[in-house]
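Welcome! Let's take a friendly walk through a protein model, one part at a time. Have a look at the picture first, and then read on.

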Amino acid sequence: MNFGVYVHIPYCIQRCRYCDFTTFEQNSIMPPQEYLALLEKEISTRAIQISQQDLTSLYFGGGTPSLLPVNYIQKIINKLGAMGLHITDSTEVTIEINPTTVDQQKIKDYLSLGINRFSVGAQTFSDELLKLCGREHNVHQTRECLDWLAHLTTNFSLDILYGLPKQSFAQLRFDLEAAMSFHPQHISAYCLTLPQGHPMNQNRPKEKIQIDMLECITDSLNAKGLKQYEISNFANPGFESQHNLLYWKDQAYWGIGLSAHSSFPHLPHSQMGLRFWNPKDFKTYIHQVNNPRAQEAFPHEYLDSSQFEKLNIWESLTDFCHISLRLNEGLSKDALRYRFGPEAVNLLEIKFKELLLNKLVQLSSRGWSLTALGRRLSNQVFFSTTFLKEDFPG
Ligand code: SF4
């Protein structure tokens, strides 16, 4: 059974203009040492939820986890180990880092702690666009950080943003060339997502252009050997993100820290899955970590219903379809049958008929996957593979 842990570190040097993550400027909130103590307490109080096992993945995300002193990361790893969640040679251990928060020594220290994968928030190699995004680093600093990584380790990933205001195809191609010049094993390419009315929405490429941009990214990276394995993710063979694959393959994971989500797809008292998430504000989080009920019960037994989701079969099946179809390998009939029974396979066969005719999905040896057209029009596919209570009479 695969199992991963996500640890949320909610500190950043400054808030980027487009960011909607739970993160705060480092000097404006609870000091990191107090937050560390809460994380350690949360790990030990929630022991009832887990069995002792080797971790498939451990992921430090945020925020900017690389703002924390290295020994804080060590303490979290130690605490997980003390609870029976062990890092082995095959555990993928990732830390998100931003340029300007690391130097060569810090990267070496991370490596000696057992961190074996780095995810760098590069975003773009244009100083003008970095500034417009409110990023606190410049291109020179990004390049310096990537140079260190390229010399010290083999496994790092870059985040690239596209669909930025006034961004041209030439700029996007330049970003991809620049990123590839450091020979990363993995690139995540995300389209800028903003709420309506956000000032950064002005002068952005239209939706159709954004879709063309993803196609441009896919073609460029595939040609360089970084294969698309999920709509927004590209990797050299064997370097796909094991942690994200847990999310996309409906596996169990634990989220520790402010706003972190947890998912247990199979539980005796919630067979279609239970998800729960921590609060986004410190006050509620502190209260919750100190709640003695956490030591003896699962969150749905004592938390407010706004903090958990006990899935019905139609919700669970919808999620299963959508996340599986995001992967290039697609949706496996065997996995579908195993998880939801033969009726679900019949239901899907009916839903897929029209999508197959319209060449949005294709048959594969294991089941169904999106075609190139289906990836462009993925919203249409996801709409057609959304299940409702009425699909399961009785
Ligand atoms: S560095 Fe990342 S988490 Fe921090 S503010 Fe910027 S986008 Fe948000």
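## Around the ligand

In this predicted model, the residues surrounding the ligand are C12, R15, C16, C19, F21, T23, G62, G63, T64, N98 and G121. What kinds of residues make up this shell: nonpolar, polar or charged? The shell holds four nonpolar residues, six polar ones and one charged one.

## The chain as a whole

Now step back and take in the protein chain. Its secondary structure consists of 14 helices and 19 strands. Along its principal axes, the C-alpha trace spans about 60 × 55 × 45 Å. For 394 residues, a compact globule would have a radius of gyration near 21 Å, and the protein chain agrees with this because its own value is 21 Å.

How much of the chain is buried? Of the 394 residues, 37% are buried. The contacts tell another part of the story. Among contacts in the protein chain with a separation of 6 or more, 71% are between residues 24 or more positions apart.

## Two domains

The domain assignment of the chain gives domain 1, covering 3-245, and domain 2, covering 314-391. Their C-alpha centres lie 29 Å apart. Where the domains meet, five residues of domain 1 are in contact with six residues of domain 2. On the side of domain 1 that touches domain 2, strand β11 (residues 227-230) gives the most, with three residues. That side of domain 1 divides into three nonpolar residues, one polar and one charged.

## An enclosed strand

Next, find strand β9 (residues 156-162). Why can we call β9 largely enclosed by the rest of the structure? Six of its seven residues are buried, so the rest of the structure largely encloses this strand. A residue is called buried if 20 or more other C-beta atoms lie within 10 Å of its own.

Strand β9 has parallel partners. Four bridges join β9 to strand β8 (residues 117-123), and these two strands run parallel. In this pair, Q123 stands opposite I160 in β9. Strand β9 also pairs with strand β10 (residues 186-191), in the parallel sense, over six bridges. Here L158 stands opposite I187 in β10.

## A three-stranded sheet

For an antiparallel case, look at the open sheet of three strands whose order is β17-β19-β18. Which strands are the edge strands? They are β17 (331-332) and β18 (361-363), each pairing on one side only.

Strands β18 and β19 (residues 367-370) run antiparallel and are joined by three bridges.

## A residue in a loop

Finish with R46, which sits in the loop between α1 (32-45) and β4 (53-54). Is R46 buried, exposed or partly exposed? R46 has 18 other C-beta atoms within 10 Å, so it counts as partly exposed. The class runs between the limit of 12 or fewer for exposed residues and 20 or more for buried ones.

R46 and I77 are 31 residues apart in sequence, and their C-alpha atoms are 16 Å apart in space.

Definitions and conventions
Residues numbered from 1 in each chain as written. Predicted model: local features only at pLDDT ≥ 70, side-chain atom pairs only at ≥ 80, totals over all residues. Near = placed C-beta within 6 Å. Nonpolar A, V, L, I, M, F, W, Y, C, P; charged D, E, K, R; others polar. Pairing = 2+ DSSP bridges. Rg over C-alpha atoms; globule rule 2.2 N^0.38 Å. Contact = placed C-beta atoms within 7 Å. Domains from an automatic or database assignment.
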